[in-house]
Amino acid sequence: MTKTDARVERLLRSNLKLKHLQLLLALDQFRHLGRASEYLSLTQPAVSKTLVEVERLFDLPLFVRSTRGTEPTAYGATVVRFARSVLADLERTREELQAVASGAAGRVRVGAMVVATPVLLMQAVAVMKARSAQTTLAVEEGDLTRLLPRLREGELDLLVSRLEPGYAAPDLETEAFYAEAMCIVVAPQHPLAGRSRVRWADLAGLPWVMPPAWASSRIKLNQLFYKHRLQPPADVIETASFLVTLSGLCDLGAVGFWARSVAEHFAAMGLAKVLPVAVPIELPPVGLITLRGRLRAPAAEQFIGCLREVAQAAAGRAAVR
């Protein structure tokens with residue numbers, strides 16, 4: 001057993017308390033003993049004393065104190081992540097107990113990328129609500145750079161997104177649902193919307209709303225422009241928000257790059273027009289990401305089942321197209 005392992009084992013058998021974890025989060029948030037003490041409604045000497053207790057339990061320096069404030073050490077940053085995860089689990093348990101007491105079915109926190117939000121996610125929500133109307137579903141939209149840390153810290157129960165291989169990690173469990181092709185869209189009133197043929201050269205000089213630069217869809221879109229001996233668009237808004245993307249199309253006359261199921265959904269509502277341009281690229285499948293080994297609440301398990309049902313139907317429709 002290493003010295004660090006011995007410290008952790010001793011800690012798990014020690015008197016680490018809820019107040020210690022709350023203090024660590026407050027210090028990490030405010031980076032100042034005085035502001036942390038105000039937030040916790042404690043005196044500054046009491047906060048200092050509690051921090052000394054925690055560092056003694058770990059037998060490690062967790063924060064560096066200076067006249068400018070407090071900064072977590074490398075050990076402190078690790079312990080803060082641990083504290084955040086534990087407190088998130090406690091909050092989830094509290095909400096589940098309140099839900100049982102009130103007759104509700106629980107709460108599920110879901111992170112979703114644009115590719116999954118309007119169709120897969122919302123259809124699964126509809127199925128879930130039909131079966132358990134009192135279950136609360138808290139949905140947070142974003143990209144993996146934002147959502148994965150929140151999943152790891154216990155603030156989200158699951159993610160629905162493209163399974164980007166660059167973000168694979170041993171602590172994550174993934175389940176592929178279906179492949180999702182991309183297409184190019186504009187608002188119905190856009191000058192290109194009525195054309196029977198659109199070339200890549202027609203698109204290169206226009207304003208675009210695109211996925212973030214790290215996304216595989218964005219990288220491969222740029223490669224398509226290069227393939228046609230064109231520079232990728234320079235007038236670009238980068239976003240992981242579907243609302244920003246839709247607003248860019250409708251209000252700014254921009255060109256968008258959407259998953260086909262999303263585009264067809266909003267085209268049927270009269271909010272978008274799919275352009276007749278072939279987009280021959282292969283992308284990672286859409287699927288589920290959860291944290292390996294984390295105990296999930298019954299409501300989360302039920303919602304995962306709803307996602308699987310909707311995804312199976314979507315995969316069937318995609319095979320027919």
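**Entry 1: glutamate 55 and arginine 65**

I began with the side chains of glutamate 55 and arginine 65, and I found them joined in a salt bridge, 3.0 Å from N to O. This is a predicted model, so I read every distance here as a computed value. Where do the two partners sit in the chain? I placed glutamate 55 in helix α4, which covers residues 44–58, and arginine 65 in strand β1, residues 63–66. They are ten residues apart.

Next I asked myself: is glutamate 55 buried or exposed? Its relative accessibility is 13%, and because that is under 20%, I noted glutamate 55 as buried. Arginine 65 has a relative accessible area of 37%, so I wrote it down as partly exposed.

**Entry 2: glutamate 140 and arginine 146**

My next stop was a salt bridge between the side chains of glutamate 140 and arginine 146, at 2.8 Å from N to O. I looked up both partners for accessibility. Glutamate 140 counts as buried, at 15%, while arginine 146 is partly exposed, at 46%.

**Entry 3: glutamate 175 and arginine 308**

Then I turned to glutamate 175 and arginine 308, whose side chains meet in a salt bridge of 2.9 Å, N to O. Which parts of the chain does this pair tie together? Glutamate 175 belongs to strand β6 (residues 172–178) and arginine 308 to helix α12 (residues 298–320), so the bridge ties together parts 133 residues apart in sequence. I found glutamate 175 partly exposed, with a relative accessible area of 26%. Arginine 308 is partly exposed too, at 40%.

**Entry 4: the wider count**

How many salt bridges are there in the whole structure? My search gave 17. I also came across a network of salt bridges that links Asp28, Arg31, Glu71, Arg84 and Glu153.

**Entry 5: the cavity**

I found one cavity of 30 Å³ or more, and the volume of the largest cavity is about 280 Å³. It is lined by 21 residues, and those closest to its centre are Val114, Val115, Pro211, Ser217 and Phe257.

Which strands supply at least two residues each to this lining? I noted β8 (208–210) and β10 (255–259). Of the contributors, β10 gives the most, with three residues.

I sorted the lining of the largest cavity by class as well: 14 residues are nonpolar, four are polar and three are charged.

Note on methods:
Residues numbered from 1 in each chain as written. Predicted model: local features only at pLDDT ≥ 70, side-chain atom pairs only at ≥ 80, totals over all residues. Heavy atoms only, no water. 1 Å grid on protein atoms, 1.4 Å probe; cavity = no way out; pocket = protein on both sides within 12 Å on 5 of 7 lines; lining within 4 Å. Points joined across faces, edges and corners; volume = space filled by probe spheres on them. Helix = DSSP H or I, 4+ residues; strand = E, 2+ residues; numbered from the N terminus. Nonpolar A, V, L, I, M, F, W, Y, C, P; charged D, E, K, R; others polar. Salt bridge = Lys/Arg side-chain N within 4 Å of Asp/Glu carboxyl O. Buried < 20%, exposed > 50% of the residue type's maximum accessible area, 1.4 Å probe, protein only.
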